[in-house]
Amino acid sequence: YPLTGASQDLLALNDTSGRVRPFVMRRNNPAVNNRLNYPVGTVAFDPRPNSNLLLLAAHETVNSTFVIRLTRNRNVNPTGGPRTDCGDTLPATFCFTQPLQNTATWTVSYGPVNRPVVSLSFSIPVARKAYGLLENGRVLVKADIDDDAAPWDTVGTLPLEAGGVARQILADRTSGERLYAISHRRFFVSSDSGATWTQSGQATLDTLQLNALAQHPTQPRTLYIASAGTVRASDDRGATWRSTGRTLPNVSVMQLFTDADFLYAVTFGRGLWRARMPR
């Protein structure tokens, strides 16, 4: 990240006078803070070349109502600050020694609703198409993200386990119809753009708490799934899972992402790790 000023802090992409409130869990609200159900993929970048559109899952009213916000100028270069320590972890006060300028312009694309949007994903093969996932398993789709007047439609619902919480949705890189999703205990596949879902791979996932998904950038049959202290791989789109043989700290792996060569694992308090993926 580009750091600024003596405080080595980051500049906000939003105007702090109209705070965007990205979705995070609050310790003082057990009804929202579900068993390490930290957000996964709550920022989604439009994959179209030269697009500066970005989606963000956010609070409208903190811990009460939730929205999807949209900006079409994520390429702006904010100036001002730096932020100083206000001693406040809630979104009540933002302190800058200089005015914050040249920030992105945000609008509400979906909501407000009373359940958090826990994950967002763009389709790569179908331009302008985006998906969202609510904590209760409701699957959203917007066929044309460029059409502000078009709604986000509910297309299906994950068949969650008793007491289960939806965690992440992931659009397949090569198929315009295939989607993947996870709750804390189950891995799901949809072949009809989210209308129906099938549980898959459970026998080789045992009773792991599932935290995050990623797909190999050039081998679409290969998926990765994160859990406590481990990352497993699948070579058959999630039908079976195997150990990657990689050693990680004995803590939860909370998020996964890939670039051209590496798989990255974000651990719960033990740093960022990477491993070279097979070509």
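Modeller: R48 is partly exposed, with a relative accessible area of 22%; here buried means under 20% relative accessible area, exposed over 50%, and partly exposed in between, with a 1.4 Å probe and protein chains only. The model is predicted, so local features need pLDDT of at least 70 and side-chain atom pairs count only at pLDDT 80 or more, while totals for chains, interfaces and linings use all residues. Residues are numbered from 1 along each chain as its sequence is written, and side-chain values use heavy atoms, with hydrogens and water left out.

The side chain of R48 meets that of D146 in a salt bridge, at 2.8 Å from N to O. The term denotes a side-chain nitrogen of Lys or Arg within 4 Å of a carboxyl oxygen of Asp or Glu. Side chains of opposite charge can pair when their charged atoms come close. Where do the two partners lie? D146 is in the loop between β7 (138-142) and β8 (153-157), and R48 is in the loop between β1 (43-45) and β2 (54-61), so this pair ties together parts that are 98 residues apart in sequence. Such strands are DSSP runs (E, at least two residues), numbered from the N terminus. D146 is itself partly exposed, at a relative accessible area of 36%.

R48 and D146 also belong to a network of salt bridges, in which they are linked with D46, R72 and D148. Within this group, the side chains of D148 and R72 form a salt bridge of 2.4 Å, N to O. That pair links distant parts of the chain, 76 residues apart: D148 is in the loop between β7 and β8, whereas R72 is in the loop between β3 (65-71) and β4 (106-113). D148 counts as exposed, at 55% relative accessibility, while R72 is partly exposed, with a value of 37%.

A further salt bridge joins D144 to R128, with the closest N and O atoms 3.1 Å apart. D144 lies in the loop between β7 and β8 and R128 in the loop between β5 (117-122) and β6 (130-134), so this contact ties together parts that are 16 residues apart in sequence. Both are partly exposed: D144 has a relative accessible area of 25%, and R128 has one of 36%. The structure as a whole holds ten salt bridges, among them the pairs D146 with R48, D148 with R72 and D144 with R128.

Conventions: Helices (H or I, at least four residues) and strands (E, at least two) are DSSP runs, numbered from the N terminus.
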